[in-house]
Amino acid sequence: MDLDFDRRHIWHPYTSTLNPLTCYPVTSADGVYVHLEDGRQLVDGMSSWWAAIHGYNHPQLNQAAHTQIDKMSHVMFGGITHDPAINLCKTLLSMAPENLEQVFLADSGSVAVEVSLKMALQYWHSKGQQRPKFLTLRDGYHGDTFAAMSVTDPDNSMHSLYKGFLPEHIFAASPKTGFHQEWDEADLDDFRDKISQHQHEIAAVILEPMVQGAGGMRIYHPNFLQGVRVLCDEYGVLLILDEIATGFGRTGKLFACEHAGIKPDIMCVGKALTSGYMTLSATLTSKEVADTVCSGEAGCFMHGPTFMANPLACAVAGKSLELLQQGEWQAQVETIEANFAAQLPKLLNYDLVKDVRWLGAIGVVETKRPVNMEAIQTLFVGQGVWIRPFGKLIYMMPPFISQDEHINALVAAIETALQDPHCFQ
Ligand SMILES: *Cc1c(COP(=O)(O)O)cnc(C)c1O
């Protein structure tokens, strides 16, 4: 592979042209394995950022893509419809919280978030109310486009770079009580203050249910989410749940909001929707929100991407949801969770480790010092695993098909890294 060209001309996520880090050449991937050009195979601990839940190169997902590509890979969605979209949305609605009845298909997680924010703004506009603000949590992550970034943690996403251009929203303190800890009612104080203080200007609350992902891998108590729902109802504010990372079984429930027994008014899904085959996302809402949006001045919902409901992506997504409906994911995720619960606490014996936490098929080791990316990545690849930490967070969200031996390999590699001072700054 022409790695020299890659290094000189191609941007990777959050990388510098002045100091490009090593990229590993991958030629194929199969099941839980990623294959490098030099013949080595790595146990995947990332599911390609939450996406490849059923593993790579899955025969039934491949078949769905082949069958569809021989019919058509794309056709516009304006004035045209097709079975891949209809079948996918039927399945999606049958799995989602039952108050959600209307689906908007979009191209990426960030766009699904943009769409959810626009829905909330148009909803209040239709009702003749000016509500230009969103309330969200610190340490959150909702994507890299501007509106999504505006509700992402202001420090992590460096809002200072975009001052004067980026809309300014309202941030409440993130929950302190972990999922397995004793609930502390005070966790909701700041959120309650903010929502009561700004109720008339807030269109919606947006947050990640149960797990704050890229903003800090924080796994919080279900009572927080329950409290948020109660307060949104009390103050008449819409609740948008961003299930882009957590959706489709990752936390041990099909959707993370089920841990708290609550339903959103608007829900975003993405990442695992096609099991990592293609980019596709969706924003779901209730009939009431959808019809209110469309009863306003515009007379419709004002959004329509070129590649909306791409048939190829929809066909694969439909098949991936069918695989989930067969139900095996539940035992698979439980096995992974039990393995994390058995193994991660022992890592607390290392001085470097500040905290370990897990939920479903998510395992997190938080360290006291930031990792040295180049060194720790080299060590992991040497150990035969693919784990991509950021800052002080070494975390795993392996494909659901991972067996104990694969999880053991991931945890063992992390333990080896913890013993190597070069891996940390
Ligand atoms: C990844 C992510 C997004 C953004 O999705 P993209 O497909 O990268 O645009 C939004 N919200 C959450 C919670 C995510 O994890």
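Two strands pair if DSSP finds at least two bridges between them. By that rule, strand 4 and strand 12 (residues 281-286) pair in the antiparallel sense over six bridges. Helices (H or I, at least four residues) and strands (E, at least two) are DSSP runs, numbered from the N terminus.

This is a predicted model, in which local features need pLDDT of at least 70, side-chain atom pairs count only at pLDDT 80 or more, and totals for chains, interfaces and linings use all residues. Residues are numbered from 1 along each chain as its sequence is written, and side-chain values use heavy atoms, with hydrogens and water left out.

**Domains and their interface**

- The domain assignment gives domain 1 (3-57 + 327-423) and domain 2 (72-326). Such bounds come from an automatic or database domain assignment.
- The C-alpha centres of domain 1 and domain 2 are 26 Å apart.
- Contact means heavy atoms within 4.5 Å. On that basis, 28 residues of domain 1 touch 30 residues of domain 2.
- About 2,400 Å² is buried between domain 1 and domain 2, and carbon and sulfur atoms give 64% of that area. Buried area is the accessible area (1.4 Å probe) that two parts lose on being put together, summed over both.
- W50, W329 and L359 supply 31% of the area that domain 1 buries against domain 2, more than any other three residues.
- Zero salt bridges are counted between domain 1 and domain 2. A salt bridge needs a side-chain nitrogen of Lys or Arg within 4 Å of a carboxyl oxygen of Asp or Glu.
- Polar contacts between domain 1 and domain 2 number 16 residue pairs (both at pLDDT 80 or more). A polar contact is a pair of N or O atoms within 3.5 Å; within protein, one must be able to donate a hydrogen and the other to accept it, and residues adjacent in sequence count only if both atoms are side-chain atoms.
- Helix 2 (47-50), helix 11 (328-343), strand 13, strand 14 and strand 16 each supply at least two residues of the side of domain 1 that touches domain 2.
- Helix 11 gives the most to that side, with four residues.

- Seven strands form an open sheet in the order 4-12-11-10-7-5-6, with mixed pairing.
- Strand 4 (100-106) and strand 6 (170-172) are the edge strands, and each pairs on one side only.
- The twist averages 20° from one strand to the next. Axes are lines fitted to C-alpha atoms, for helices over the stretch in contact, and angles run from 0 to 180 degrees between N-to-C directions.
- F104 has T283 as its bridge partner in strand 12.
- Helix 4 (residues 83-95) lies across strand 4 and strand 12, and runs at about 135° to strand 4.

- Three strands form an open sheet in the order 13-14-16, with antiparallel pairing.
- Strand 13 (353-359) and strand 16 (393-396) stand at the edges with a single partner strand each, so one side of each is left without a neighbour in the sheet.
- Neighbouring strands of this sheet are turned by 10° against each other on average, direction ignored.
- Six bridges join strand 13 to strand 14 (residues 362-367), and the two run antiparallel. W358 has G363 as its bridge partner in strand 14.
- Helix 13 (residues 404-418) lies across strand 13, strand 14 and strand 16, at about 165° to strand 16.

**Hairpin and a loop glycine**

- Strand 1 (residues 26-30) and strand 2 (residues 33-36) run antiparallel, joined by four bridges. A29 stands opposite V34 in strand 2.
- Two residues lie between the strands of this hairpin, where G31 takes a positive phi near 55°.
- G384 sits in the loop between helix 12 (373-382) and strand 15 (385-386).
- Leaving aside neighbours within four places in sequence, G384 is in contact with Q41, L42 and V43.
- The C-alpha atoms of G384 and L410 are separated by 8.6 Å, with the two residues 26 apart along the chain.
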